[in-house]
Amino acid sequence: MCSKCVLTFFFSTFSQGTFDDYLELFQQFGFVSLFSCVYPLAAILAVLNNITEVYSDGLKMCSVFQRPFSEPAADIGVWLIAFETMGIISVMTNCALIGISPQVKDLFHGNGIELVLLIVAVEHALLALKFILALAISDIPSDIRTKVARMEFESLEALKQKQIKEADESMEMEEQLETEKTWEGKKKI
């Protein structure tokens, strides 16, 4: 009875799809990126958590669900926008947290306007760098693009060859029909 309850629990959590997994990753990314300048150890703890979760999910899928069903998807959908937004907000948050730290305030000796202007300038520079890198780095690696282009070319070539073969066969059939008609015409004469 207890093992049936455990299986039911695992099945209910696994069959909900990837929403809970993405939500958990989104929260973890938020904690790490938003407050990384305050607590740098969070990134190491997140990596350890992810390693543990990979092994536990692997055990769950191999022993509990022998054949888990997955839904095909082209990308991560709206989660990409959420992660991009979180990245932008984290740049602003980290700049603000560094700006209000006592060590940085001591460098400016109470001149708050210069500090705010410097923090805003650094934040804008980091956001510009983020957007430039996002544009410069392709979402699809070049070797994958090459393989996809090769597959498309090969499929178009195969389609052309098939069309040529079908056209040749239809022309041969027409020639045979014409030849038969001429023989039938000669036989009648």
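The model is predicted, so local features need pLDDT of at least 70 and side-chain atom pairs count only at pLDDT 80 or more, while totals for chains, interfaces and linings use all residues. Residues are numbered from 1 along each chain as its sequence is written, and side-chain values use heavy atoms, with hydrogens and water left out.

**Stop 1: aromatic rings**

Select Phe19, Tyr22, Phe26, Phe29, Trp79 and Phe83, which form one aromatic cluster. Rings of Phe, Tyr and Trp (for Trp, the six-membered ring) pair if their centres lie within 6.5 Å; planes under 30 degrees apart count as stacked, over 60 as edge-to-face and the rest as tilted. By this rule there are five aromatic pairs.

Keep Tyr22 and Trp79 on screen. This pair is stacked, because the ring centres are 5.7 Å apart and the planes stand at 20 degrees. Tyr22 belongs to helix 2 (residues 19-34) and Trp79 to helix 4, 57 residues apart, so the pair links distant parts of the chain. Helices here are DSSP runs (H or I, at least four residues), and they are numbered, as strands are (E, at least two), from the N terminus.

Are Tyr22 and Trp79 buried or exposed, or something in between? Buried means under 20% relative accessible area, exposed over 50%, and partly exposed in between (1.4 Å probe, protein chains only). Tyr22 has a relative accessible area of 23% and is partly exposed, whereas Trp79, at 14%, is buried.

Now select Phe26 and Phe83. They form an edge-to-face pair, with 5.4 Å from centre to centre and 85 degrees between the planes. Phe26 lies in helix 2 and Phe83 in helix 4, so this pair ties together parts that are 57 residues apart in sequence. Both Phe26 and Phe83 are buried.

**Stop 2: salt bridges**

Side chains of opposite charge can pair when their charged atoms come close. A salt bridge is a side-chain nitrogen of Lys or Arg within 4 Å of a carboxyl oxygen of Asp or Glu. How many salt bridges does a search of the whole structure find? The search finds three.

- Select Asp57 and Lys60, whose side chains meet at 3.9 Å, N to O. Both residues are in helix 3 (residues 41-64), three residues apart, about one turn of the helix. Asp57 is partly exposed at 25% relative accessible area, and Lys60 is buried at 16%.
- Select Glu157 and Lys160, which meet at 3.6 Å, N to O. They are three residues apart in helix 7 (residues 142-188), a separation of about one helical turn. Glu157 is partly exposed at 27%, and Lys160 is also partly exposed, at 45%.
- Select Glu84 and Lys130, where the closest N and O atoms are 2.9 Å apart. Glu84 is in helix 4 and Lys130 in helix 6, 46 residues apart, and the pair links distant parts of the chain. Glu84 is partly exposed at 36% relative accessibility, as is Lys130 at 22%.

**Stop 3: the second largest pocket**

Which of the elements gives the largest share of the lining? Helix 6 does, with three residues.

Pick out Ala134, which lies in helix 6. Ala134 is partly exposed, with a relative accessible area of 45%.

**Stop 4: the largest nonpolar core**

Finish by selecting Val91, Cys95, Val104, Leu115, Ile119 and Leu127, the six residues of the largest nonpolar core. A nonpolar core is a set of buried Ala, Val, Leu, Ile, Met, Phe, Trp, Tyr and Cys residues joined through side-chain atoms within 4.5 Å. Helix 4 and helix 6 each give two or more residues to this core, and the largest share, three residues, comes from helix 6.
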